[in-house]
Amino acid sequence: MRSCFRLNLLTLTIILVLSTSSKATNYYFSNSTGNDTRTLTQAQSPSTPFKSLAKLNQIMGSLQSGDTIFFKRGDQFYGSIRVTKAGKDGAPIVFTDYGTGSKPVISGFTNVSNWRSVGNGIYQSPPLSHESDVNVVVINGVQYAMGRYPNINAPNKGYIRINNLNQNGAITNIEIPDVPSWKGAEIVMRSNRWIIDRSEILNHSGSTITFSPPKYWPNVGYGYFLQNDIKTLDQFGEWYFHPSTSRIYVFFGNESPNNFTTQVSSVDRLFQVDESHIVIQNLTFSGANKFGIYDFLSNTTDLKIDNCNISFSGTDAVLIQGRPNVEISNCHIYNANNNGINLRNQTYNSKLLNNKIKNIGTFPGMGESGDGNYIGIYNRSGKMVIENNSIKNIGYNALDFGGNQVLIKNNFIDSFCLVKDDGGGIYTYTGQVLQNSDRKIIGNIVLHAIGAPEGTTSLNKRPAEGIYLDDNATNVDIISNTIANGGRLGIYLHNTRDILIEKNTIFNNQTQIGLKHDNSGDPIRRTLVRDNILVSKDPSQMITWLYTIKDDVAQMGEFRDNNYSRPLNDDLVIHHQYYNNGEYLKNSMYSLEGWQTTFNKDAGSQKSPVTFRPYSLNYMEDENLFQNGTFDSDIYGAYCWTPSGTSCEESWVSSTDLDGGAIRIQPNAGSSLRMEINPLSKTKQYILRFSAIAEKEKELEITLASEQWTESGLPLPKHIRIDESRDEYEFLFSYPENASRPRIEINSVDDNTVFWIDNIELKEAIATVTSPDNLIRFEYNASLSDTTIELRHNYIDVHKQLFTKNITLEPFESAVLLRKFTGISVLPVELIEFSSEAKDCKVLVQWKTQLETNFSHYELEKSEDGRNFTKLVQMPGIISTGSHTYKFVDKRPKSINYYRLKMVDLDGTFIYSDIIVQKSDCTSYLFEWEVSPTLLSDHNPELISRIYTESDKLTLSIFDQLGRTIKILKPLIQIGWNTIKWDLGDLAPGLYFIHNSNALRKKTYRFFKYN
């Protein structure tokens, strides 16, 4: 019978080319139907293949250029392949597939069975065959890291802080138990933000651990944990390999290991290439204890890896060194402990095309020590093309490049710097002063720079950048990229030169572009930043940050024709810092206009085409928490504070351009106007208002402060610039902790310019913080074809182009869209009016709308405190283009009532109106009350009283017919209407009277109790 088998287009093309050579031969391998006793001639037919990889390695010397090795689809081959015979240019040796089914698998996994319990939920395997210490354990298809102490779900992700260390290789920590000893285990150290090192523990005595020298010496304040010891096993899947007994120990807890499929890597290199002109295609490599595909000899050339899957690699999925002309395309590479694709040392003319790389270096302590590890793609050789790859979930840098003649184009990068940081989605580092050339980063989409603060000295910082050009990087064009939703900087230039940043869209990073010159490199020069869209989604985010030790912003480069949009606060968006000799000589924020005027930069640049209110003020108390805010006669309660060694003067002035009396501040470096205020609550919001004027333009930093608060988790201070013209300022504050001794701080930021403050008010308030998600929309297209995105609302982009029904994005294009609407609605309905009126101890709430299209319903909500709302009623919308009025009567209002309207679209999206506050007019009904039922029995013993009061104290008394007090109840009530339930099942049958304690209303109800 003739055997049918599958040949893909690339395979067929190669075979046709090779058919011109009389020496080209095909050999077939099948683990299911093969037999290694067959001859070379027999194995040239798919019906009589060889069986094993051992046989392939045995006949490797017989191969000739142009030969093809076929592995049967659906089969799995255990072991490794070592290529020791070279092909020729135009006649490579090819390793590929035949037949139907899933790709052939070259596996280094050993399935483990015959487990034996050693107690405490830990099970021991029989002795295993292995080449080196085990690096990969997979249970039911899921990879688990080796056990560690403390566990990763412990505080600080299990890192223990280094309290003390010495250069002899010892850490002293009281957190490590002195019994039992950890000698022989491994210490994993977060040596700095970009390094995780592993060292053997040489000795453990008391609280001191001595270890072998690491690649980087750790620092006090950073963290470490312990692993590679059976004592660490206490969570499901954690494992430890004992090299001297060749046994693996796994914690299964109360589960039986026989209920799981457990695989252990036992082959170090699945495919080792020692010769030139080799093609690998349509194969799966899984379970390499170290490397899926390995080439480390140098002096070879031409390697193509196409349409392969490489998974569960103990070190790197692909490691190639010193081989030019490498092409890796259409591969799926995932779950590697260290690097995905690692091209080192003069691997020139490489092409990495259309690969999917995921879950690389995500286990801290399972990657390699030192630099260049936990990376998705690493190639610093130059002469490379890296195009249309998808790189997701990476422990450190997603794509790390170097050298000359580099094209990085149309790659999709998502989620990186998961276990280390001070890195980037696309990263390069030069260090020494070199002049690179022809390096282009074009059309990439880079999302979610995460950052990994755990184990470092700064737990509230996440230095992860979208595109990061590090020390002395030169000649890089960054064009038409999208960088969004990152932890710190969208684009970061650190001591760079000759950089073009053009036509990029940078959105929702803590700062969109950052330039920094410090002592680790040469000054930033010849930078051109033009025609970029820079959008800060949150009002706390900056657009641009410039840091220098030379006060040389003017020499850094040219900025022009950019769009600086922060729609929720479009004022101070550029931060400039000049730091030298241990202090900030300048530390100022600028509006776009101020930046343009001060530094003569950004000609032709624009602000956001629309702005939105950062919050809506719904209600504010009358009481001022700082009582002397008008400064009419003195400055009691306010004082000027400054660090030791400098002076700061405050004084009262009777007449200024403010309102009569005011406080005058003559500041100095770091000085602060401080005002002690009444206690603040974490459940409250506060509005701070004041008037200000200065001798000339200066910057102020505004905050609420307390020694009881920690810096971590608190909102950022507010910044303003004041000048010779009086202006009024208002800020909304809220804090996560209570403070019994808080203060207002108005800090002088930039110089000693005199300024005046007046009309300080700090009041409790209720405000609705604007959600940027309802107003700002970010879309991208990470595919190679156009995509159309439907829009239910009207939007404009930063160039004021209107989009109504949809927007079409070209491949690797993105857009930031801003809601365009009238009124307050962002749904297909326009809210014209929302109001309330109190009458006859009721509240009439009404609203008027128009232009209801594709709309669902309204929900009227009510609150007693302005924060916690419940639904009063739901009303369907009247779908038409005309105007409509809706009404609802609240028959049970409280003393103060808060209402808001929830407007719900057909797709479930919704938006809230502003909150309206309505006091009831129930004073004429005060202390009116109702009692029911008037007939009680043993089966129905509950008496219900409904009463309205403005007091939070009430006494109810029950009397018998002789006027004797039988029962007294002092219920917990609140101001307004209360419903009080009283179980009177123990009353004897008879007639009774119930009174309330209020002297103004003595109305008495009577009721009867019977059996």
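Student: Which residues form one aromatic cluster with W115 and Y123?
Tutor: This is a predicted model. A search of the whole structure finds 43 aromatic pairs. One cluster takes in W115 and Y123, and its other members are Y144, F236, F252 and F260.

Student: What kind of aromatic pair do F236 and F252 form?
Tutor: A pair of aromatic rings is described by the distance of the centres and the angle of the planes. For F236 and F252 the centres are 5.8 Å apart. Their planes stand at 80°, and over 60 degrees counts as edge-to-face. The pair is edge-to-face.

Student: Where in the chain do F236 and F252 lie, and how many residues apart are they?
Tutor: F236 is in the loop between strand 19 (223–227) and strand 20. F252 is in the loop between strand 21 (247–251) and strand 22 (262–265). The pair links distant parts of the chain, and the separation is 16 residues.

Student: Which helix holds W595, the partner of F559?
Tutor: F559 and W595 pair edge-to-face, with 5.6 Å between centres and 90° between planes. F559 sits in strand 54 (residues 557–560). W595 is 36 residues away, in helix 4.

Student: What is the relative accessibility of W595?
Tutor: F559 counts as buried, at 3% relative accessibility. W595 also counts as buried. Its value is 0%.

Student: Within what arc do the buried residues of helix 4 fall?
Tutor: Helix 4 covers residues 592–599, and L592, G594, W595 and F599 are buried there. Seen down the helix axis, these buried residues share an arc, so they line one face of the helix. The arc is 160°.

Student: Which residue just after helix 4 takes a positive phi?
Tutor: Look just past the end of helix 4. The phi there is about 55°. The residue is N600.

Student: Which residue lies over the face of Y912?
Tutor: Two arginines sit over tyrosine rings here. The charged end of R819 is 5.6 Å from the ring centre of Y795. Over Y912, at 3.7 Å from the ring centre, lies R900.

Student: How much space lies in the second largest pocket?
Tutor: Rolling a probe the size of a water molecule over the atoms shows where empty space is left. For the second largest pocket, the space comes to about 680 Å³.

Student: Which residues are the closest to the centre of the second largest pocket?
Tutor: The lining has 32 residues. They divide into 10 nonpolar, 11 polar and 11 charged. The closest to the centre are N135, R198, T315, G367 and E368.

Student: How far apart in space are P180 and H575?
Tutor: P180 is in the loop between strand 15 (170–172) and strand 16 (186–192). Its relative accessible area is 42%, so P180 is partly exposed. H575 is 395 residues from P180 in sequence. C-alpha to C-alpha, the distance is 53 Å.

Student: What percentage of the residues of the protein chain count as buried?
Tutor: The chain has four helices and 91 strands. Its C-alpha trace spans about 115 × 85 × 75 Å along the principal axes. Of its 1011 residues, the buried share is 55%.

Notes: Residues are numbered from 1 along each chain as its sequence is written. This is a predicted model: local features need pLDDT of at least 70, side-chain atom pairs count only at pLDDT 80 or more; totals for chains, interfaces and linings use all residues. Side-chain values use heavy atoms; hydrogens and water are left out. On a 1 Å grid over the protein atoms alone, a cavity is a set of points where a 1.4 Å probe fits but cannot get out, and a pocket is an open set with protein on both sides within 12 Å along at least five of seven lines; lining residues have an atom within 4 Å of a point. Grid points are joined across faces, edges and corners, and a volume is the space filled by probe spheres set on the points. Ala, Val, Leu, Ile, Met, Phe, Trp, Tyr, Cys and Pro count as nonpolar, Asp, Glu, Lys and Arg as charged, and the others, Gly among them, as polar. Buried means under 20% relative accessible area, exposed over 50%, partly exposed in between (1.4 Å probe, protein chains only). Helices (H or I, at least four residues) and strands (E, at least two) are DSSP runs, numbered from the N terminus. The arc is that of the directions from the helix axis to the C-beta atoms. Rings of Phe, Tyr and Trp (its six-membered ring) pair if their centres lie within 6.5 Å; planes under 30 degrees apart count as stacked, over 60 as edge-to-face and the rest as tilted. A charge sits over a ring if NZ of Lys or CZ of Arg is within 6 Å of the ring centre and within 35 degrees of the ring normal.
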